[in-house]
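Q: I would like to go through this model with you. Could we begin with the aromatic residues and then move on to other topics?
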Amino acid sequence: AIVLDGVLRRGANGCGGEFGHMTVDPRGALCRCGNRGCLETLVGGSYLLQMAREATGQDLTLPEFVKEARAGNAGYRRLIEDAGSAAGLAVGLIGSALNPPLFVITGGLALAAELFFSPLLAAYERHTLCRPSLLPDHERTRITPGQFLNNDNVLGAAALVLRQISRVA
């Protein structure tokens with residue numbers, strides 16, 4: 001989502017802020033939205049679990065997958081690191097376009113902590129115009145995990161519904 005001056009911005013027809021459906025690889029995997037190479041196909045938990053299942057035959061939940069990766073499973077670590085790099089590319093592109101003061105990263109993959117965030121931050125540094133390493137601390141865009149990693153999306157959707165209801169009433 002995009003929040004500017006405390007207001008959720010959804011764009012001219014309500015499709016703004018759908019960052020998971022930014023195309024980051026035009027020849028990439030088919031996404032459920034019908035496009036190819038959406039960020040979600042590189043970073044989404046269900047896609048990572050599918051790749052892990054195809055590689056190992058194991059059917060895991062996302063928390064189990066993250067736990068295995070953090071315990072040293074090299075293949076799972078690689079999937080999370082690659083996802084972090086893809087997320088960093090997208091955050092860098094968004095950062096160059098909008099230059100926000102803060103990115104809040106939500107979802108179960110954020111539970112992987114440094115394993116996910118380290119490649120994300122490195123890719124962000126490479127792909128954004130405003131290189132954080134060249135700026136004083138008070139001017140840097142902050143990138144932080146959400147407070148309620150498993151519920152952030154649901155809480156955001158509920159807030160959007162409540163906001164719409166208050167406009168109608």
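Q: To start, are Phe65 and Tyr76 buried or exposed?
A: This is a predicted model. In it, Phe65 and Tyr76 are both buried.

Q: How many aromatic pairs are there?
A: The count comes to three aromatic pairs. One of them is formed by Phe65 and Tyr76, with 4.9 Å from centre to centre and 45 degrees between the planes, a tilted arrangement.

Q: And where in the chain do Phe65 and Tyr76 lie?
A: Phe65 belongs to helix H3 (residues 62-70) and Tyr76 to helix H4 (residues 74-98). The two residues are 11 apart, and their pair links distant parts of the chain.

Q: Why is the pair of Phe103 and Tyr124 edge-to-face?
A: The planes of the two rings stand at 70 degrees and the centres are 6.1 Å apart, so the pair is edge-to-face; the angle cut-off for that class is over 60 degrees.

Q: Which elements hold Phe103 and Tyr124?
A: Phe103 is in strand E3 (residues 102-105), while Tyr124 is in helix H5 (residues 114-127), so this pair ties together parts that are 21 residues apart in sequence.

Q: Why does Phe103 count as buried?
A: Phe103 has a relative accessible area of 10%, and buried means under 20%. Tyr124 is buried as well, with a relative accessible area of 3%.

Q: Changing topic: how do H4 and H5 pack?
A: Their axes are 7 Å apart, and the packing angle is about 35 degrees. The crossing of H4 past H5 is right-handed.

Q: What residues make up the contact of H4 with H5?
A: That contact has 12 nonpolar residues, six polar and two charged.

Q: Now Thr41: where is it found?
A: Thr41 is part of helix H1, which covers residues 39-43. With a relative accessibility of 6%, Thr41 counts as buried.

Q: What does the side chain of Thr41 reach?
A: The Thr41 side chain reaches the backbone oxygen of Cys38 at 2.6 Å. Leaving aside residues up to four places away in sequence, Thr41 touches Ala29, Leu30, Cys31, Tyr47 and Met51.

Q: Finally, how many helices and strands does the protein chain have?
A: The protein chain has six helices and four strands. Their order from the N terminus is β-β-α-α-α-α-β-α-β-α.

Q: What share of the protein chain is buried?
A: Of its 169 residues, 34% are buried. Among contacts in the protein chain with a separation of 6 or more, 52% come from residues 24 or more positions apart.

Terms used
Residues numbered from 1 in each chain as written. Predicted model: local features only at pLDDT ≥ 70, side-chain atom pairs only at ≥ 80, totals over all residues. Heavy atoms only, no water. Buried < 20%, exposed > 50% of the residue type's maximum accessible area, 1.4 Å probe, protein only. Polar contact = N/O pair within 3.5 Å; in protein donor to acceptor, adjacent residues only side chain to side chain. Contact = heavy atoms within 4.5 Å. Phe/Tyr/Trp six-rings, centres within 6.5 Å; stacked < 30°, edge-to-face > 60°. Axes fitted to C-alpha atoms, helices over the stretch in contact; angles between N-to-C directions. Left-handed = near helix turned anticlockwise from the far one by under 90°. Nonpolar A, V, L, I, M, F, W, Y, C, P; charged D, E, K, R; others polar.
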